[in-house]
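Reader: I would like to go through the charged side-chain pairs with you. Could we take them one at a time?

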Amino acid sequence: MTPETTELLEPYHQEIGRLALEAADETATKLLVYAEMDADGLTADLFFDDPEAPDDIRYRLCPPMLESIIEAHWDAARQIDPKGEWATLAYVIEDGGFKVTLRYPEEIDEMPDEDISDRRPVVVASVFGPGLIDYSRP
């Protein structure tokens with residue numbers, strides 16, 4: 001992403017962060033929004049830590065409004081630059097800041113035997129380290 005593209009997408013980044021924080025438990029100190037866009041549409045999940053259970057990673061389905069903003073981000077990136085159509089988005093909030101990492105279709109196509117069930121746990125582990133994901137309250 002160029003600095004100009006980043007600046008144009010900044011309002012989406014801010015809104016993704018705001019909605020993700022609203023959806024997570026207020027005690028969370030680290031949060032990950034992981035999304036994938038493909039021909040079947042958008043899949044978006046929210047993961048965050050639990051300071052009271054440091055080995056646990058909480059999971060939530062992204063609320064519909066958050067999904068809408070993520071999809072709008074994808075559309076805007078594509079309109080700004082046709083090569084800006086990302087395949088995965090990892091949005092991490094930690095220590096008062098955020099980081100957005102995008103992977104593009106050609107990067108995903110390099111691993112044809114992988115799907116979201118392969119990629120998502122790797123991204124979660126890269127953000128939180130090893131831990132048990134609690135899927136009990138989606």
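**Salt bridges and burial**

Reader: What is the relative accessible area of Glu94?
Author: Glu94 has a relative accessible area of 33% and counts as partly exposed. Please note that the model is predicted.

Reader: And which residue forms a salt bridge with Glu94?
Author: The partner is Lys30, with 3.4 Å between the closest N and O atoms. The two residues are 64 apart in the chain, Lys30 belonging to strand E1 (residues 30-38) and Glu94 to strand E4 (residues 88-94).

Reader: Is Lys30 buried or exposed?
Author: Lys30 is buried, because its relative accessible area is 18%, and the cut-off for buried is under 20%.

Reader: Moving on, what does Arg58 pair with?
Author: Arg58 forms a salt bridge with Asp134, and their closest N and O atoms are 2.4 Å apart. Arg58 is in strand E3 (residues 56-61) and Asp134 in strand E6 (residues 132-134), so this pair ties together parts 76 residues apart in sequence.

Reader: How much accessible area does Arg58 have?
Author: Its relative accessible area is 11%, and Arg58 is therefore buried.

Reader: Which residue does Arg119 form a salt bridge with?
Author: Arg119 is bridged to Glu114, the closest N and O atoms lying 3.9 Å apart. Arg119 is buried at 8% relative accessible area, whereas Glu114, at 30%, is partly exposed.

Reader: Which residues do shared partners join into one network?
Author: Glu15, Arg18 and Glu22 are joined in that way.

Reader: Finally, how many salt bridges are there by this rule?
Author: The count is ten salt bridges.

Conventions. Residues numbered from 1 in each chain as written. Predicted model: local features only at pLDDT ≥ 70, side-chain atom pairs only at ≥ 80, totals over all residues. Heavy atoms only, no water. Salt bridge = Lys/Arg side-chain N within 4 Å of Asp/Glu carboxyl O. Helix = DSSP H or I, 4+ residues; strand = E, 2+ residues; numbered from the N terminus. Buried < 20%, exposed > 50% of the residue type's maximum accessible area, 1.4 Å probe, protein only.
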